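Try each task yourself before reading its solution.

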Amino acid sequence: MTANGMSPFEAVNHFFRRAAELEQLSDDAIDVMCGTYREIQAQIAVPRDDGSMLVTNGYRVQHNGARGPYKGGIRYHPDADLDEVRALASLMTWKTALVDIPFGGAKGGVQVDASELSQKELERVTRRYTDQIGLVIGPTRDIPAPDMNTNAQTMSWIVDQYGRKNGHTTQIVTGKPVELGGSWGREEATGRGVIITMDEAVKELGYTDPSEVRVAIQGFGNVGSWAARIAVDHGYRVVAISDVNGGVHRDAGIDIDKAVHHVKETGSVIELPGTEPVDNDDLIELDVEALIPAALGEVITMDNVDRIQADLIIEAANHPVTPLADDTLKDRGCLVVPDILANAGGVIVSYYEWVQNNQEIRWEHADVNHRLEKKLRESYRQCRDFQHDHEDDHLSFREAAFALAVDRVVRVAELRGYL
Ligand code: NAD
């Protein structure tokens, strides 16, 4: 349960139900989409380096496959339980539909604290997890990718382990290293997409000069650090960044290259020379124009929403705003670019990676970036058009995005005879 009384899956379904109402879906269709197609909960038991056993749970949830093979990342986190993985899987269904790529929605998780495991232990966990979900994944069935605390190395182990039983199958996962069939541009794709959608939102809000937009970013992993780098490239002033250990603030703007170097040297953004410390709770409430949550879910709740000063929130993380807090932001006129659009850059380039693997070719980096940018700007415009076309319903940008996505999934489900 969250502080606002809904579990993560209930919260995503809350957004879905609003869309379902607008789309006048039948009760049967709502029942189907509020559940999941298939769920695996598997024991992951592997030896630790000291000879003891690590025993934990791994999950793979396939939410909806009407539009194509299931697609979604794998998260290693102590809080990755079945409900959270269901929520993230369903978000993938709506995300892939919204940006119109031919995939369904899935997600995986292993309940571990990756920071406490050695590389060898992480490798054993990954190989065991791959065996446990091996029966339901496949290059035309379900294609995993990285998420929190997993990366291109994790994907390499999956390619290897899956290949032992099934023959070499590069396209079993996306987010691979370029040397092993990865796509140029995949590593930074989610962060790049976050900033592409921010560009669109900033234009709408009437800013003419990006340096007027002060940006605070929570989380400095794959998504947050790339979003920060690309934000600076686009002329924004990134004034605060953070990670699990805390954050740093500098109103004149943080030198992000220095921050990346500092993280490489010390393992954290804290104590970056020339900055003031700020904790993760205070970062969310800073006096900035734009806020980018890029770490965990449910960081904007009824407990802090009234203190949020940003007029623009770009949801780089999945599900960072609880439903009640979202209503408050809507009433206040805060523009929230929802996760299913803002962080879709990763799955879009994952799709491009899968296409390249299937064709056994490699596109140039600039080509991948160009396609990503075009796709996201077009998706943004389609959401905005949908919102304007339903003016009388007074939809928020999120509500419009969900309704458009639900519409697309239902249409295909009907065509295939599922509904
Ligand atoms: P990551 O593991 O690379 O980085 C996570 C970052 O969050 C790290 O800096 C970590 O220190 C920080 N963090 C962890 N707990 C925190 C806390 N309690 N407070 C503040 N910071 C904390 O993960 P990532 O791949 O960058 O994913 C970040 C978010 O983006 C997640 O919500 C994920 O679901 C979402 N996302 C990722 C991708 C992708 O392609 N990697 C795609 C779509 C969405």
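Keep in mind that this is a predicted model.

**Exercise 1. Find which residues of helix H4 are buried, and what they pack against.**

Solution. Start with the residues that are buried in H4: Glu121, Leu122, Glu123, Val125, Thr126, Arg127, Tyr129, Thr130 and Ile133. Next, look at what surrounds them. Finally, check the span of the helix. H4 covers residues 119-133, which makes 15 residues, and reaches 21 Å from its first C-alpha to its last, close to the 21 Å expected at 1.5 Å a residue.

**Exercise 2. Work out the strand order of the open sheet, and which strands stand at its edges.**

Solution. Trace the 5 strands across the sheet: the order is E1-E2-E4-E3-E5, with mixed pairing. Now look for strands with a single partner. E1 and E5 (142-146) each have just one partner strand, so they stand at the edges and one side of each lacks a neighbour in the sheet. From one strand to the next, the twist averages 20°. To zoom in on one pair, take E3 and E5, which are parallel and share 5 bridges. Gly73 has Ala145 in E5 as its bridge partner.

**Exercise 3. Describe strand E10: where do its side chains point, and which strands does it pair with?**

Solution. Begin with the side chains of E10 (residues 290-293). Ala290 and Ile292 point one way, Leu291 and Pro293 point the other way, and all are buried. Then turn to the partners. Strand E6 (residues 214-218) runs parallel to E10 and is joined to it by 4 bridges; here Ile217 is partnered by Ile292 of E10. Strand E11 (residues 312-314) also runs parallel to E10, with 2 bridges joining them. In this pairing, Leu291 is opposite Ile313 of E11.

**Exercise 4. Classify the crossing of helices H1 and H10, and list the residues that meet there.**

Solution. Take the axes first. Those of H1 (residues 8-22) and H10 (residues 323-332) come within 9 Å and cross at roughly 50°. That angle makes H1 oblique to H10. Now list the contacts: from H1 come Ala11, His14, Phe15 and Arg18, and these meet Pro323, Asp326 and Asp327 of H10. Sorted by class, the contact has 3 nonpolar, 1 polar and 3 charged residues.

Technical notes. Residues are numbered from 1 along each chain as its sequence is written. This is a predicted model: local features need pLDDT of at least 70, side-chain atom pairs count only at pLDDT 80 or more; totals for chains, interfaces and linings use all residues. Side-chain values use heavy atoms; hydrogens and water are left out. Axes are lines fitted to C-alpha atoms, for helices over the stretch in contact, and angles run from 0 to 180 degrees between N-to-C directions. Angles under 35 degrees count as roughly parallel, over 145 as roughly antiparallel, 65 to 115 as roughly perpendicular and the rest as oblique. Contact means heavy atoms within 4.5 Å. Ala, Val, Leu, Ile, Met, Phe, Trp, Tyr, Cys and Pro count as nonpolar, Asp, Glu, Lys and Arg as charged, and the others, Gly among them, as polar. The expected span of a helix is 1.5 Å times one less than its number of residues. Buried means under 20% relative accessible area, exposed over 50%, partly exposed in between (1.4 Å probe, protein chains only). Two strands pair if DSSP finds at least two bridges between them.
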